[in-house]
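Look at the chain below before reading on.

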Amino acid sequence: MTNETTSTNVADRLKLGPRDGVTYPIIMKYCGHCTMPIEYCEYYPEYDKCKDWLERHMPEDFERLKIEEEQAAADGTDDDKKRQKRGGKGLLRVKKKEDVPKKICVSRAARGKKKSVTVVTGLSTFDIDLKVAAKFFGTKFACGSSVTGDDEIVIQGDVKDELFDVIPEKWAEIDEDVIEDLGDQKR
């Protein structure tokens, strides 16, 4: 091949405007489960759920993909080679929730000689965002409040008694009976 033929080839490929053999506008169909174009569902970790969704909502496209899949299997194309093995952006990890009793524990801990902090644990069992809760406590009690552990919020000052009224008032799904007073604790 000479330089002239390759340059015209490249010019044809980069030509602006409509292409021959393509119908416009190009309509993309997306999967309702993985939200990717249906041609890419096979690379999604939960491909079986995508197949179920396609079969229910887009039966004609499902049949077309099924035929293509059967042809690829007949050609000897290995399905494991296409599928992504390691994690990555395509793999969604779902945190498994343990069956932990839904209980909020409130305690007071000494900080220095005269000062104390209030420790609140158990808010994440009610699916409450701890950062939002810490911000709420800080503004409500006009003090510092921060998330210190997996499920622990430390509020500066002794506000333990007020929390029994404030928490159920702010989050309606929490009953006052599930809030337990642990008294004075050592940190």
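The chain has six helices and five strands. Helices (H or I, at least four residues) and strands (E, at least two) are DSSP runs, numbered from the N terminus. In sequence order the pattern is α-α-α-α-β-β-α-β-β-α-β. The model is predicted, so local features need pLDDT of at least 70 and side-chain atom pairs count only at pLDDT 80 or more, while totals for chains, interfaces and linings use all residues. Residues are numbered from 1 along each chain as its sequence is written, and side-chain values use heavy atoms, with hydrogens and water left out.

Start with the chain as a whole. It has 187 residues, and 27% of them are buried. Buried means under 20% relative accessible area, exposed means over 50%, and partly exposed lies in between (1.4 Å probe, protein chains only). The chain exposes about 14,100 Å², and carbon and sulfur atoms supply 51% of that area. Accessible areas come from the Shrake-Rupley method with a 1.4 Å probe; for residues, only the protein chains shown count as cover. Now take the contacts with a separation of 6 or more: residues 24 or more positions apart account for 46% of them. A contact means heavy atoms within 4.5 Å.

Next come the charges. How many salt bridges does a search of the whole structure find? There are eight salt bridges. Each is a side-chain nitrogen of Lys or Arg within 4 Å of a carboxyl oxygen of Asp or Glu.

One of them pairs Glu39 with Arg64, at 3.9 Å from N to O. This pair links distant parts of the chain, 25 residues apart: Glu39 sits in the loop between helix H1 (3-13) and helix H2 (47-57), and Arg64 sits in helix H3 (residues 59-75). Glu39 is partly exposed because its relative accessibility is 37%. Arg64 is partly exposed too, at 33%.

Another salt bridge joins Asp184 and Arg108, with the closest N and O atoms 2.8 Å apart. Asp184 has a relative accessible area of 54%, so it is exposed. Arg108 has 22%, so it counts as partly exposed.

Lys160 meets Asp181, the closest N and O atoms being 3.3 Å apart. Lys160 is in helix H6 and Asp181 in strand S5, 21 residues apart, and the pair links distant parts of the chain. Is Lys160 buried or exposed? Lys160 is buried, with a relative accessible area of 5%. Elsewhere, salt bridges that share partners join Lys29, Glu39, Asp61, Arg64 and Glu68 into one network.

Asp61 belongs to that network. Its place is in helix H3, and it is buried, with a relative accessible area of 7%. Leaving aside residues up to four places away in sequence, Asp61 touches Lys29 and Ile38.

Turn now to helix H6 (residues 160-170), which holds Glu162. At 40% relative accessibility, Glu162 counts as partly exposed. Phe141 lies in helix H5 (residues 130-141) and is buried, at 18% relative accessible area. Not counting residues up to four places away in sequence, Phe141 touches Ile155, Val159, Glu162, Leu163 and Val166.

Most residues other than glycine have a negative phi, and most peptide bonds are trans. Tyr24 and Pro25 are joined by a cis peptide bond, with omega about -5°. Pro25 is in the loop between H1 and H2. Asp127 is not a glycine, yet its phi is positive, near 60°. Asp127 is in the loop between strand S2 (115-121) and H5, and it is exposed at 55% relative accessibility. Ala142 also has a positive phi, about 50°, without being a glycine. Ala142 is in the loop between H5 and strand S3 (145-149), and at 73% relative accessibility it counts as exposed.
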